[in-house]
Amino acid sequence: MAVLVGAMATLTTPAATVAPDMEILKLFPQDTQGIAVIDAAALRNAALVQEFLKDHEAGFPGQLAEFAKATGIVPQRDVDQVMAGKVGSRQALAIVRARFD
């Protein structure tokens, strides 16, 4: 569902280039087969994403809810960028850029 919301949000906002951070790209292994970058900070302001977040503010599933509670991170507010890549045939790596105290 989140992928669909992200796709719809990109259709309703003007196209913008998302530049991956080269320092973060260096953290991906050499055998990474593809990388996707999501500019969460820009999507956060899209009307469709705002509506989705309002409708789904009940919480997060399992371990993500535990992590958010333990760290005080609020993903809807604190996450600015997500980079995810396919590594090998069955593995993935995601790096999240966020700000928090």
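These legends describe the whole chain, its sheet and a nonpolar surface patch.

The model is predicted: local features need pLDDT of at least 70, side-chain atom pairs count only at pLDDT 80 or more, and totals for chains, interfaces and linings use all residues. Residues are numbered from 1 along each chain as its sequence is written, and side-chain values use heavy atoms, without hydrogens and water.

**View 1. The protein has six helices and three strands.** Helices (H or I, at least four residues) and strands (E, at least two) are DSSP runs, numbered from the N terminus. Their pattern along the sequence is α-α-β-α-α-α-α-β-β. Of the 101 residues, 22% are buried (under 20% relative accessible area, 1.4 Å probe, protein chains only).

**View 2. Three strands form an open sheet in the order β1-β2-β3.** Pairing is antiparallel; two strands pair if DSSP finds at least two bridges between them. β1 (32-38) and β3 (91-98) are the edge strands, each with a single partner, so one side of each lacks a neighbour in the sheet. From one strand to the next, the twist averages 15 degrees.

**View 3. Six bridges join β1 and β2 (residues 79-87) in the antiparallel sense.** Ile 35 has Gly 85 of β2 as its bridge partner.

**View 4. Phe 60, Leu 64 and Phe 67 make a nonpolar surface patch of about 260 Å².** Areas come from the Shrake-Rupley method with a 1.4 Å probe; for residues, only the protein chains shown count as cover. Phe 60 lies in the loop between α4 (47-55) and α5 (62-71).

Note on methods. Patches are made of residues with over 30% relative accessible area and no salt bridge: like charges are joined within 9 Å, nonpolar side chains (Val, Leu, Ile, Met, Phe, Trp, Tyr) within 5 Å. A salt bridge is a side-chain nitrogen of Lys or Arg within 4 Å of a carboxyl oxygen of Asp or Glu. Axes are lines fitted to C-alpha atoms, for helices over the stretch in contact, and angles run from 0 to 180 degrees between N-to-C directions. Buried means under 20% relative accessible area, exposed over 50%, partly exposed in between (1.4 Å probe, protein chains only).
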